[in-house]
Amino acid sequence: MALQNMPSARSVLSVIAPLAASAVLLRSISSDFVPDELNTYVSSKLYKIFKYFSSEFTIVIEEFRGLSRNQVFEAADIYLSTKVTSSTTRVKLGMTEKEKNVAITVDKNEEVFDSFEDLQVKWKLISTEVKSSSHGGPGSHLRDLNATLRSEVRSYELSFHKKHRAKVVTAYLAHVLETSKAIKEETKAIKIRTAEYDNWDSEGTNLDHPMTFKNLALDSKLKNEIIEDLERFKNGKEFYRRTGRAWKRGYLLYGPPGTGKSSLVAAMANYLNFDIYDLDLTEVTNNSDLRRLLLSLSSRSILVIEDIDCSIKLQNRNSKDDPEVTKEDKVTLSGLLNFIDGLWSCCGEERIIIFTTNHVEKLDPALLRPGRMDMHILMSYCTFSAFKQLAFNYLGILQHPCFTQIEDLLQRADLTPAEIAGELMKSTDPEVSIHGLLSFLEHKVAEQSTTKTEAEACSVQKPLNGLGQQIECQSIL
Ligand SMILES: Nc1ncnc2c1ncn2[C@@H]1O[C@H](COP(=O)(O)OP(=O)(O)OP(=O)(O)O)[C@@H](O)[C@H]1O
Ligand SMILES: [Mg+2]
């Protein structure tokens, strides 16, 4: 509109002042005497006139676009929950099955202020009651449908100085979307999914596993190394992009049953807040199903293949004389390696893959080759350091006069954290529990030293594999 055609501020004010006064009057008597339609019409006209002279600009973000939920509204809802301050007088509180914490959201008509760089903005949640009888006008069929589904129509009003229009639309709203996504990831309940034929079960089950790095009994040096590695991975987006590497990390967890391999997987998932995809290779028919499953993994997830040594008879891809290698009717090692090295490297991001095994010596060397799995973690028998963690978890004690004796016995017997935990659980009284554990350890030391002597008499020397773990004793009897 040309400037010279605009009315002067004085002349407009002289018109709108009485109008505003009548609007106030109208509002005060409207509920009884003035039809709603007229009331709304006058208010909106006045609002437009005031807005014309205001430096304020407002963006309206409605909750729904047609029948789908507006993602920007959803993002604002989450984002604003972090902006509730002492000046806020009313909030809403709730929790769904998908969340692990109570969520706070802004209540209607509550103003929430935010700043971003040099921007100052104001948010307000507007809620209008829907009358199911509303007809006519463009999109009325949708409104009617919405009305039958909801009793109110909600929208956020985002107001700021109009000179910042471009910055709000680009930078600020991007910041809101990004922050809300991060909050959502942080607060979502972790899901565990299993494969059904060539598809992941879409609903998943809430993991709710209480294992964390705080209560995992593991040598503290190793535990810190794992945590640091996960931290580097989590914050490594820029590093992986700069170096041209896929943003993924592979861990091989090996050790006897009951040493905490599955517990470590749960602790990792809880630490990163990643969903777990638990893949049983025996359930996968062939390489193309495997590929489909692996390509449909979501980002920020952990793929776990337990007992990789015995879950499938994986064929070595270099094995020339085995015709199974090239056949597409089964899952092969090459199919899996193609994913780790090839396709997986370029699809999706922030992925972790974990193999677990009780028998690392049975694994194909192709899986153990340096660079394939980034970290090989030995989950060993219970050390004294791990025992102290278990004693704290189960009995709440940090010290006991019998600890020195227990330390000595643990060095002489191979006992898993699961076995120690089982003993500690027998009584809640630390005295009873610790003394029960002592007799159990003494018994095990005696039992194992007898077995050891017998085994030494009948076995060949135990060879060491590349990872320094002893290969099982092969009896020659
Ligand atoms: N390192 C540990 N720290 C704390 N608890 C442990 C640890 N290891 C084992 N446990 C206890 O023993 C139980 C079994 O452990 P877990 O399933 O993690 O062992 P695993 O190594 O995965 O065994 P498997 O090889 O049979 O799968 C756990 O539920 C936990 O209660
Ligand atoms: Mg396990």
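Helix α15 (residues 417-424) buries Pro 417, Ile 420, Glu 423 and Leu 424. These residues cover an arc of only 125 degrees around the axis, which puts them on the same side of α15. The arc is that of the directions from the helix axis to the C-beta atoms. An α-helix has 3.6 residues a turn, so residues three or four places apart point the same way. Buried here means that 20 or more other C-beta atoms lie within 10 Å of a residue's own; exposed means 12 or fewer, and partly exposed is in between, with C-beta atoms placed from the backbone. Helices (H or I, at least four residues) and strands (E, at least two) are DSSP runs, numbered from the N terminus.

This is a predicted model: local features need pLDDT of at least 70, side-chain atom pairs count only at pLDDT 80 or more, and totals for chains, interfaces and linings use all residues. Residues are numbered from 1 along each chain as its sequence is written, while chains are lettered from A and ligands numbered from 1 in the order in which they are written.

**Overall build**

The protein chain has 16 helices and 16 strands. Of its 477 residues, 21% are buried. Take contacts between residues at least 6 apart in sequence: 69% of them join residues at least 24 apart. A contact requires two C-beta atoms, placed from the backbone, to lie within 7 Å.

Where domains 3 and 4 touch, domain 3 supplies 9 residues and domain 4 supplies 9 residues. The domain 3 side of this contact divides into 3 nonpolar, 5 polar and 1 charged. In that count, Ala, Val, Leu, Ile, Met, Phe, Trp, Tyr, Cys and Pro are nonpolar; Asp, Glu, Lys and Arg are charged; the others, Gly among them, are polar.

**Cores**

The largest nonpolar core has 61 residues. Val 265, Ile 302 and Ile 354 have the most contacts inside it. Domain 3 (191-378) and domain 4 (384-458) both give residues to this core, so it lies between them. A nonpolar core is a set of buried Ala, Val, Leu, Ile, Met, Phe, Trp, Tyr and Cys residues joined through C-beta atoms within 7 Å. Setting aside neighbours within four places in sequence, Val 265 contacts Ile 276, Ile 302, Val 304 and Ile 354. Another core, of 15 residues, lies apart from the largest one; Trp 123, Tyr 156, Leu 158 and Tyr 172 are among its members. In soluble globular proteins, nonpolar side chains tend to be buried together.

**Strand pairing**

Two strands pair if DSSP finds at least two bridges between them. The table lists four pairings.

| Strands | Sense | Bridges |
|---|---|---|
| β1 (residues 56-62) and β8 (residues 152-161) | antiparallel | 7 bridges |
| β7 (residues 119-129) and β8 | antiparallel | 8 bridges |
| β9 (residues 191-196) and β13 (residues 275-278) | parallel | 3 bridges |
| β13 and β14 (residues 301-305) | parallel | 4 bridges |

Strand β8 pairs with β1 and with β7. Within β8, Ser 155 stands opposite Glu 62, and Ser 159 is the bridge partner of Lys 122. Strand β13 pairs with β9 and with β14. Tyr 277 in β13 stands opposite Arg 193, and Asp 275 stands opposite Ser 301 in β14.

**Helix α3**

Helix α3 (residues 71-80) buries Ala 75, Ala 76, Tyr 79 and Leu 80. They cover an arc of only 120 degrees around the axis, which puts them on the same side of α3. Their cover includes β1, β5 (103-106), β6 (111-116), β7, β8 and α5 (165-187).

**Loop residues**

Most residues other than glycine have a negative phi. Glu 117 is not a glycine, yet has a positive phi of about 50 degrees. Glu 117 sits in the loop between β6 and β7. This residue is exposed, with 9 other C-beta atoms within 10 Å. Asp 208, also not a glycine, has a positive phi of about 45 degrees. Its loop runs between β11 (205-206) and α6 (220-234). Asp 208 counts as exposed, with 11 C-beta neighbours inside 10 Å.

Asp 429 lies in the loop between α15 and α16 (430-458). Asp 429 is exposed, with 11 other C-beta atoms within 10 Å. Leu 395 is 34 residues from Asp 429 in sequence, and the two are 7.4 Å apart in space, C-alpha to C-alpha.

Note on methods: Domains from an automatic or database assignment.
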